[in-house]
Each structure stands twice: as structure tokens, then as C-alpha cells.
Amino acid sequence: MSVLIEAAGEKRNGDCDIEAVRNDWTRAEAEALYDLPFSDLVFRAQTVHRARFDPNYVETASLLSIKTGGCPEDCGYCSQSAHYDTGLKATRLMDKADVVATAQRAKEAGAERFCMAAAWRNPKERDLDQVCEMVSAVKGLGMETCVTLGMLTPAQAARLHDAGLDFYNHNVDSSAEFYEQIITTRTLQDRIDTLSHVREAGIKVCCGGIIGMGERVADRLGMLVLLANLPAHPESVPINLWNEVKGVPVNATAERPDSIAVARLVAVARIMMPQSVVRLSAGRQYMTDELQALCFLAGANSIFIGDVLLTTRNPQRDRDADLLDRLGISSNLDQAKQAVPVDS
Ligand code: SAM
Ligand code: DTB
Ligand code: SF4
């Protein structure tokens with residue numbers, strides 16, 4: 001295969017850098033990829049994808065909000081921030097037994113990974129004791145584990161690792177410039193510090209961001225450059241399309257990207273981070289089957305299953321199973337014991 005592709009202002013052979021895992025991406029290169037003729041971009045992304053992944057397999061993860069709302073952070077997109085009146089009722093940390101029972105149901109419904117999320121700035125030691133127990137118990141069910149608890153110290157990351165945690169989710173959310181417009185209570189550098197504590201503890205990194213908050217295409221690409229230039233690429237890259245929440249500041253600026261823009265971004269993420277699993281995360285409720293198919297073609301290879309994400313909606317499990325079936329994509333949903341809703 002030899003396809004000449006214009007990228008970064010120069011003619012490059014489309015198959016020569018498939019093996020390259022780089023951490024020195026420039027915005028100009030990301031823009032040049034994004035602006036390729038659509039067919040060239042998707043072909044290149046699919047070629048990169050096939051070099052490392054089964055193109056007909058999609059990973060399934062399930063989410064649970066183990067501590068909802070009342071969060072001291074002011075993330076301008078989030079239903080759980082105590083800074084905004086979103087109508088959400090804050091809850092206490094769930095009991096371990098309820099978390100494990102929910103994980104068991106998620107496993108039976110076809111989830112490979114179970115991600116537990118808490119609306120904290122950072123976990124208190126007493127809370128971390130309980131989360132570590134939850135992680136060990138969910139791991140004991142034979143599922144991959146992920147938690148997202150806000151900022152961590154190196155010692156807290158080490159404790160989670162010792163409890164058997166596989167992934168820690170902590171997003172950069174957007175470009176450095178746009179980040180400052182949507183979050184003021186913690187800096188991007190705080191987040192990057194937590195990511196390095198997670199990495200140093202030997203936990204795999206899940207890190208991505210959100211589109212559709214009123215940012216420019218340049219911000220979306222700036223976010224991908226940030227992710228791709230981390231010391232090591234995140235093993236997992238969630239791309240969230242902002243799920244509408246009433247009462248938050250982002251409402252004023254939000255503009256949902258068109259389908260072609262979403263597919264282009266996924267393709268660029270796949271090319272820039274060839275070894276990472278790219279997850280179509282929040283916002284699939286707004287996507288047509290055709291757009292999701294295009295995103296899988298562009299290199300997305302993971303989804304959240306279950307009717308609810310944390311506080312917002314997700315497509316129903318049976319609809320996902322039907323879509324993957326029609327696309328000839330296999331997943332753990334095929335092995336699911338029963339077609340039960342994840343959140344039942
Ligand atoms: N509190 C933790 C934190 O922020 O680190 C973890 C939970 S937080 C809900 C995890 C991520 O979900 C955020 O960083 C953001 O990228 C994404 N997110 C939150 N609200 C969203 C929404 N309404 N639509 C899309 N993504 C959202
Ligand atoms: C991520 O990037 N997306 C997930 C997970 N990490 C924790 C969260 C999506 C949340 C969507 C908004 C909600 O349901 O409250
Ligand atoms: Fe809190 Fe996380 Fe929501 Fe920010 S995204 S307000 S840290 S729950």
C-alpha cells in the first residue's frame with residue numbers, strides 16, 4: 001500500500017509511519033491531518049487502527065457514580081458541581097455491597113470494565129479506604145477496574161494500585177486555553193501532576209476530554225496534542241460529546257459539533273495515539289447509528305454501555321447490541337449471559 005498524503009505541509013507516504021508512537025506532535029501537524037480530504041483521513045486512521053487492533057472488536061465499559069453531586073469544583077459543564085443549581089440531589093458514598101452488586105449486573109450485561117466515579121476534589125483517606133475495598137471486590141468478579149476520584153497524591157495512587165486498580169480516569173478536558181474558560185478551581189497542571197502520580201504508581205491512564213462546549217476546532221486539536229505529548233500516551237482516551245445539563249455555564253456557549261467534525265477528531269486521535277483505546281464516551285445519545293459506524297471506522301474501539309452514564313443518559317444496551325451486530329462488530333456483549341439493563 002502506498003498512498004501519498006499531505007500532512008504537516010509535506011508529502012508523506014501514508015504507510016511509512018504507522019509504527020511510530022510519537023510524543024512531539026505540533027498543532028500544525030494535527031491541523032494538517034484534520035484538514036485532509038475526509039476519505040484520505042479515514043483511510044489513514046483505519047490503516048493505523050488495523051496495524052494494532054482488531055478492527056471488528058469494540059471494548060465495553062460500564063459506569064457507576066459511587067458518590068454523586070455536591071462537588072466543590074466549578075467545572076462549567078458538570079451537573080455535579082455545587083457551584084450551580086442543576087437540580088441534582090447530592091448523595092453519600094455508596095456501600096460496598098451495592099457497588100459490587102451493580103458491578104456483577106454490569107458484568108452479566110456484557111461490560112468488561114467497571115468504572116467507579118466520585119464527585120470529589122480529591123479523596124479523603126477514610127473514603128479512599130472504602131474505594132480500595134470496592135476496587136478489590138470488583139476485581140474479584142473478574143472485571144477490569146477503573147476509578148475517577150479527582151486529584152491524588154503519590155501515596156494515594158500507590159494505595160489504589162495495591163488494591164488492584166487497573167485504570168485511573170482523569171481528563172484534561174480541553175485545550176490549555178479553553179480549560180481556563182471552563183474551570184477555575186483546579187489548574188490543568190494539577191491534573192497533569194495527578195496523571196504522573198497515577199503513571200508512577202503503575203496504574204494505566206484513562207485521559208481525554210469533552211467537545212461541544214463552545215470550543216473551537218483548534219481547541220479540540222489542542223486537547224489531542226496535549227494528550228499525545230504526555231510522557232506516555234494514555235492507554236485509554238475517552239472522547240466525550242457534552243451531554244446537555246441545565247443550569248451550568250456551558251449552556252450559554254454549547255454548540256454540538258457536526259458529524260463530520262466528530263469523525264475527523266476521532267480519526268486524528270487514532271493517528272496521533274496509535275496504541276490507545278479510543279472511547280466514544282458521553283454524548284452517544286445524540287449520535288446516529290451512521291455517525292457511530294463512521295467513528296468505529298475512524299478508529300474508535302470502546303463504548304460505555306448502560307442506560308445511564310453518571311447523571312446523564314446513554315443509549316440503551318439493547319440498541320448498542322443491535323448496532324454492533326449490524327456492523328459485524330464483536331464485543332463482550334456477545335458473551336453476556338442475559339439481556340438485562342446494566343442499571344437495573
Ligand atoms: N470528579 C472527577 C473528576 O472530574 O476528575 C471524576 C468524574 S467527572 C464526571 C469525569 C469526566 O466526565 C470529566 O472530566 C468530564 O470530562 C466528563 N464529563 C462530566 N460531565 C460531562 C457532561 N455533561 N458531558 C460530557 N462529559 C462530561
Ligand atoms: C469520561 O471521560 N467520561 C465518563 C468517565 N470519564 C467517568 C463520564 C461521563 C459523564 C457524563 C455526564 C454525566 O453522566 O454526568
Ligand atoms: Fe466535580 Fe468532576 Fe464534575 Fe468537575 S467534573 S464538578 S470535579 S464531579
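**View 1. Leu224, a buried residue of helix H8.** Leu224 is buried, with a relative accessible area of 0%; "buried" means under 20% relative accessible area, "exposed" means over 50%, and "partly exposed" is in between (1.4 Å probe, protein chains only). You'll find Leu224 in helix H8. Helices (H or I, at least four residues) and strands (E, at least two) are DSSP runs, numbered from the N terminus. Which residues does Leu224 touch, not counting residues up to four places away in sequence? They are Ile239, Leu265, Val268, Ala269, Met272 and Met273, where contact means heavy atoms within 4.5 Å. Ser281 sits 57 residues from Leu224 along the chain, and 15 Å separates their C-alpha atoms.

A quick note on what you're looking at: this is a predicted model, so local features need pLDDT of at least 70, side-chain atom pairs count only at pLDDT 80 or more, and totals for chains, interfaces and linings use all residues. Residues are numbered from 1 along each chain as its sequence is written, chains are lettered from A and ligands numbered from 1 in the order in which they are written, and side-chain values use heavy atoms, with hydrogens and water left out.

**View 2. Ala30 in helix H1.** Look for Ala30 in helix H1, which covers residues 27–34. Ala30 is buried, at a relative accessible area of 0%. Leave aside its neighbours within four places in sequence, and Ala30 is in contact with Leu221, Val225, Val268 and Met272. Gly142 is 112 residues from Ala30 in sequence and 38 Å from it in space, C-alpha to C-alpha.

**View 3. Helix H7 and what covers it.** H7 runs through residues 188–200, 13 residues in all, and reaches 18 Å from its first C-alpha to its last. That's close to the 18 Å expected at 1.5 Å a residue, where the expected span is 1.5 Å times one less than the number of residues. Which residues of H7 are buried? Leu188, Arg191, Thr194, Leu195, His197 and Val198 are. An α-helix has 3.6 residues a turn, so residues three or four places apart point the same way. The cover over the buried residues of H7 includes helices H5 (154–162), H6 (176–182) and H8 (217–228), plus strands S6 (167–169) and S7 (204–206). Just after H7 comes Gly202, with a positive phi of about 90°.

**View 4. Asp173 in a loop.** Asp173 lies in the loop between S6 and H6. Its phi is near 75°, a positive value in a residue other than glycine. Is Asp173 buried or exposed? Asp173 is buried, with a relative accessible area of 2%.

**View 5. Ile303 in strand S11.** Strand S11 spans residues 302–305, and Ile303 has its place there. Ile303 is buried, at 1% relative accessible area. Not counting residues up to four places away in sequence, Ile303 touches a list of residues including Val58, Glu59, Thr60, Ala61, Phe296 and Leu324. Ser62 is 241 residues from Ile303 in sequence, but 8.6 Å from it in space, C-alpha to C-alpha.

**View 6. Thr86, partly exposed in a loop.** Thr86 counts as partly exposed, at 22% relative accessibility. It lies in the loop between strand S3 (59–67) and helix H3 (96–108). Apart from residues up to four places away in sequence, Thr86 touches Cys78, Ser79, Val245, Lys246 and Val248. Leu297 is 211 residues from Thr86 in sequence and 36 Å from it in space, C-alpha to C-alpha.

**View 7. The surroundings of ligand 3.** Around ligand 3 you'll see Cys71, Glu73, Cys75, Tyr77, Cys78, Ser81, Ala119 and Arg186, each with a heavy atom within 4 Å of it.
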